There are 2 protein chains.
Amino acid sequence: MDPKKIKTFKAYSSCFSLRYNGAVEVAKKGGLGLLLRSLSLSNDHEPHTGSMAYHDSIIKIPAAAIGTSTADSLHKFLKRSEVKAYLKLNCKQEKDTSSFNVIGELKGTEFPEEYIVVGGHLDSWDVGEGAHDDGAGCVQSMEVIRLFKALNYKPKRSIRAILFMNEENGNAGGIEYAINAKKKNEKHLAALESDRGGFTPRGFTYETKTKDHYDFNAWEKLLEPYGISFIEPGFSGVDVRPLKPQGTLLFGYEPDSQRYFDFHHSDKDVFETVHPRELSLGAACMASLIYLIDKYGLSINVN
Amino acid sequence: MDPKKIKTFKAYSSCFSLRYNGAVEVAKKGGLGLLLRSLSLSNDHEPHTGSMAYHDSIIKIPAAAIGTSTADSLHKFLKRSEVKAYLKLNCKQEKDTSSFNVIGELKGTEFPEEYIVVGGHLDSWDVGEGAHDDGAGCVQSMEVIRLFKALNYKPKRSIRAILFMNEENGNAGGIEYAINAKKKNEKHLAALESDRGGFTPRGFTYETKTKDHYDFNAWEKLLEPYGISFIEPGFSGVDVRPLKPQGTLLFGYEPDSQRYFDFHHSDKDVFETVHPRELSLGAACMASLIYLIDKYGLSINVN
């Protein structure tokens, strides 16, 4: 990953396909296996996992990630001489099984048939605990509801905190939720996802089917004391994205990204690395945005 | 410390005098000793040290800080019954001795007699390593010079990276530096200090003798991609402040403050807690500000 990209998600997305398509591309060239330099920005021997693809028409070669420092050593050895590697992988793909999204709802007092969603995803990779990815987003989403109840705020619209299932492995939960919303004719005004770690707040990004440009200047000013310095066009979140064709305005919470890829999809993504103040401050920002959407609707922001 | 204050330095400064004046105030009321709940926002048994005062006219009672969780337990015990504490302190105040500021200079090409200072402080409390307070500020200040050299940027003004001595114990280094600057009639245009930890960038604060209001909007926009969202009036830094009467515009680098008081003045302030990307990004922001001051001067910003 390119350490010069200041927003680390840009570094990640620009080399994501090395991991996702690597095994197929290597097999096409006759390679027998793939050892991938982990998509991480820290220097250590920690392998980082993640989604990857095989094509049925191309031989399925073994593929494994190794830590960045391990890869650097290997690179050095390869410059000097031939290296023989013996790969023994014990991973396997189990059959699909039933699992569930978990949904909590605060019924709206004025427009109960209009929904605002705030969510994260409940599943995580097998390594680590998935504390940042996406335990943080789950507890922040529940915290939005808790904060409203603690403040005795009765929302005008119905607010749903959703812990989506299966984001990492096909997004079945997000897709199924959107199908059901359409089937039940539930009008989803907005959906906010937190899936970029439990770090100190920076901003929100948004996207919409119509590509309307929104003017969130007034809201940015209100949120600025809490560390939010932008609400700008950008990616929202994997789980809420299937709502896009229904015209839902989709938001992504964007915390500071400097430390995220130290932990992402690895054994290092554990509870102790989530800072309680950073996590809570993010949840407070999310609650504030949901409050503003609930109170004023979104039409005032269309440019 | 009040955890509800979002900028943690505000929480710190609002109860700083409990530590600084505590022993005197307790002694006035006939107290025999002081156990202080550490000025920290984390829940643990780690004592946090810091400056405190005695008056010669008031009996000097022993005073010690205990961890926040230790204090909470003590508080609970005290509600139930009387508690006897036995204090054995082995701290002592040694006599003053000679030490030195460390100064590196890039000579200006156009106005070599005008100085821009960037600095941190070289001393730290005896506990921990002083990694955030203020190892971070020291290496960032040196990094500003290194970046200019790496870019082959020849500044118009003379740039000094200063590692000040004795910030924690009387500010002798900062005071002495300002005295010498005046004596040698060195015109100090601006001075930037980094002494709030090596965390991800947020902004810069500034102060000046004349209380002129500056308009840094144009510079904020230039620095925004690097995480700087404000350049606003506020405290600069203990070491550069003695330059204030000379009309120097004083800046303080303000990183994100959420984690700072977990480490501050305690055994927890060690190298491993400084994140390399956050530290470097801060140094890059500082170098950018110094570059702008050097290139455009400061008169363009006066409102």
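Student: Which elements of chain B do the buried residues of helix 3 pack against?

Tutor: In this predicted model, the buried residues of helix 3 of chain B pack against strand 3 (102-106), strand 4 (111-121), strand 5 (157-164) and strand 9 (249-255), and also against helix 6 (260-263) and helix 7 (276-296), of chain B.

Student: Which residues of helix 3 of chain B are buried?

Tutor: A general point comes first. An α-helix has 3.6 residues a turn, so residues three or four places apart point the same way. In helix 3 of chain B, the buried residues include Gly137(B), Gln140(B), Ser141(B), Val144(B), Ile145(B) and Phe148(B). Ala131(B), His132(B), Asp133(B) and Asp134(B) are also among them.

Student: What does helix 3 of chain B span between its end C-alpha atoms?

Tutor: Helix 3 of chain B (residues 131-150) spans only 25 Å, whereas a straight helix of 20 residues would span 28 Å at 1.5 Å a residue. The helix is followed by Asn152(B), whose phi is positive, near 55°.

Student: What is the strand order of the sheet in chain B?

Tutor: The order is 3-5-4-6-9-7-8, in an open sheet of 7 strands with mixed pairing. Strand 3 and strand 8 (230-233) of chain B are the edge strands, each pairing on one side only. From one strand to the next, the twist averages 20°. As an example of pairing, strand 7 (residues 201-207) and strand 8 of chain B are joined in the parallel sense over 4 bridges; Gly203(B) has Phe230(B) in strand 8 as its bridge partner.

Student: Which strands of chain B does helix 7 lie across?

Tutor: Helix 7 of chain B lies across strand 4, strand 5, strand 6 (187-193), strand 7, strand 8 and strand 9, and runs at about 40° to strand 7 of chain B.

Student: Turning to chain A, at what angle do the axes of helix 3 and helix 7 cross?

Tutor: The axes of helix 3 (residues 131-150) and helix 7 (residues 276-296) of chain A cross at roughly 55° and come within 9 Å. Helix 3 of chain A is therefore oblique to helix 7 of chain A. The crossing is right-handed. Among the residues that meet are Val144(A) and Phe148(A) in helix 3, with Ala283(A) and Ile290(A) among those of helix 7 of chain A.

Student: Which strands stand at the edges of the sheet in chain A?

Tutor: The sheet of chain A is open, with 7 strands in the order 3-5-4-6-9-7-8. Strand 3 (102-106) and strand 8 (230-233) of chain A stand at its edges; each has a single partner strand, so one side of each lacks a neighbour in the sheet.

How values were computed:
Residues numbered from 1 in each chain as written. Chains lettered and ligands numbered in written order. Predicted model: local features only at pLDDT ≥ 70, side-chain atom pairs only at ≥ 80, totals over all residues. Heavy atoms only, no water. Helix = DSSP H or I, 4+ residues; strand = E, 2+ residues; numbered from the N terminus. Expected span 1.5 Å × (residues − 1). Buried < 20%, exposed > 50% of the residue type's maximum accessible area, 1.4 Å probe, protein only. Contact = heavy atoms within 4.5 Å. Pairing = 2+ DSSP bridges. Axes fitted to C-alpha atoms, helices over the stretch in contact; angles between N-to-C directions. Parallel < 35°, antiparallel > 145°, perpendicular 65-115°, else oblique. Left-handed = near helix turned anticlockwise from the far one by under 90°.
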